[in-house]
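Subject: Handing over a structure, with notes

Dear colleague,

I am passing on the structure below, and after it you will find my notes on what turned up when I went through it. Please read them with the structure open beside you.

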Amino acid sequence: MSNQTQTLENRDGFSSKLGFILACVGSAVGMGNIWLFPVRMATYGGAFLLVYLIFDVILGLSGVIGEMSFGRAARNGPVGAFGTAAASRGESKRKIGQIVGGLPMVGALMLAIGYSVVVGWIFKYTFGSFTGSVLAPTDVAGFGAAFDSTASSFGNNMWLIIALVVTFAIMTLGISGGIEKANKIMIPLFYVMFIGLAIYVAFQPGAASGYQWMFTIDPEQFKDPMMYVYALGQSFFSLSLAGNGTVIYGSYLSDKEDVVSSALITAVFDTCAAMLAALVIIPAMATTGAELTSGGPGLMFVSLPHLFSGMPGGQLVMIIFFVAVLFAGLTSLVNLFEAPIATLQDNLKFSRSKAVIVIAALGVVVSLCIQGIVSDWMDFVSIYICPLGAGLAGIFFAWVWGKKAVEDAVSTGRKSPIGSWYYPLYKWVFCGLTMIVFVAGIVFGGIG
């Protein structure tokens, strides 16, 4: 029996391919799909959608497949995977790889801590949707003031702690018993609710003008180089490529499963989530004649609540929207926290419960303290650490471990070996694109 098989038997894992795919979709579907993609679509129309889809195909066929395969081949998260790749060049180099692998792992932890603050906001607004308190303001300024109070330093302590308690309760139950089961419930419900919202919005007067702009391709837009930068950044971050989350989920995948099909399904459903968000938000804005010019928290917690408050059945629409967003946030959050938790389990031999307690304690303390600066915190992680982590994963998998290891890893579970097209696509195109995202983020102060 191989060491990898023994390691898999000693680790928790996904009980089915469906559970794995839903978990990967859950990790990819997040706030970028909901509060950023619609803004890009509203700015550039169908031209952005076309370019975004091209990047989605390229990154799905290269990066998503690669990170899943890297994790599965190493049976470990980024620290162990980087170490295994480095050890292929000599056992003495394993420690160097593990140290470098610590960067995307720390990036996942930092991103999770910042994301926890956002999920805390979502918990508060979800509860307020049921009670009606979210709809209490009478104008945009009132909605803005309410959110500013929530997003201030120590302004949302109770809901932030609730968000973390729910997250770590899921994670304590493990991969198959916690993360997989949670995603099997929350991800289908997310799609059902957003499809329902999209249908509702479609029947509102004025929605057609929103659809018209979304799917009209203006050739002039292709002359704007920033559209390509934004489309690449949107695709990169939306597909959860950072050398951590997809790697760790891949490490729990059985050798019997085809990574290529799993990666492509993940990319397709992630794109569908972004499109659903756009099909809800852009036509909804069009019904009031409002222009969608800015995204981020302001769109989700100020502009949309104000918009929904004036629509028929506004409170019900608000409830459905925030419950769906809550599911998207939680499924992404458990993925981000899994990399550091798995690192403690795999490399320091912590039990699952002990690893969760340690990361939970750190997450609670730090997230409470950064509430007032979470935007700067998230910008730092997304601009500097995430693209660099993805690039390093590509370098260690393709350049350090080498062509045979990559092709063997990707071919595992397939009826026929991966074609000769894959290795150069991953080695040159994916690694090159991650560096473009990294440099563009620094130059433009963030593109995701």
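Leaving out residues up to four places away in sequence, T434 touches F236, P387, A390 and G391, where contact means heavy atoms within 4.5 Å. T434 belongs to helix α20, which covers residues 422-444; helices here are DSSP runs of H or I with at least four residues, strands are runs of E with at least two, and both are numbered from the N terminus. With a relative accessible area of 0%, T434 is buried, a word that stands for under 20% relative accessible area, whereas exposed stands for over 50% and partly exposed for what lies in between, with a 1.4 Å probe and protein chains only.

Before going further, please keep in mind that this is a predicted model, in which local features need pLDDT of at least 70 and side-chain atom pairs count only at pLDDT 80 or more, while totals for chains, interfaces and linings use all residues. Residues are numbered from 1 along each chain as its sequence is written, and side-chain values use heavy atoms, with hydrogens and water left out.

V381 sits in helix α18, residues 374-401, and is buried, its relative accessible area being 0%. From V381 to R414 there are 33 residues in sequence, and the distance in space is 35 Å from C-alpha to C-alpha.

Turning to the chain as a whole, it holds 20 helices and zero strands. Its 448 residues would give a compact globule a radius of gyration near 22 Å, and the 21 Å of the protein chain agrees with this; the radius is taken over C-alpha atoms, and the globule rule is 2.2 Å times the number of residues to the power 0.38. Of the 448 residues, 59% are buried, and among contacts with a separation of 6 or more, 85% are between residues 24 or more positions apart.

Helix α2, residues 17-28, has twelve residues and reaches 17 Å from its first C-alpha to its last, close to the expected 16 Å at 1.5 Å a residue, the expected span being 1.5 Å times one less than the number of residues. Ten of the twelve residues of α2 are buried, including F20, I21 and L22.

In the loop between α1 (3-10) and α2 lies D12, which counts as partly exposed at 33% relative accessibility.

F154, in the loop between α8 (140-150) and α9 (157-172), has a positive phi of about 55° although it is not a glycine, and at 48% relative accessibility F154 is partly exposed. K349, in the loop between α16 (314-348) and α17 (352-369), likewise is not a glycine but has a positive phi, of about 60°, and K349 is exposed, with a relative accessible area of 66%.

With best wishes
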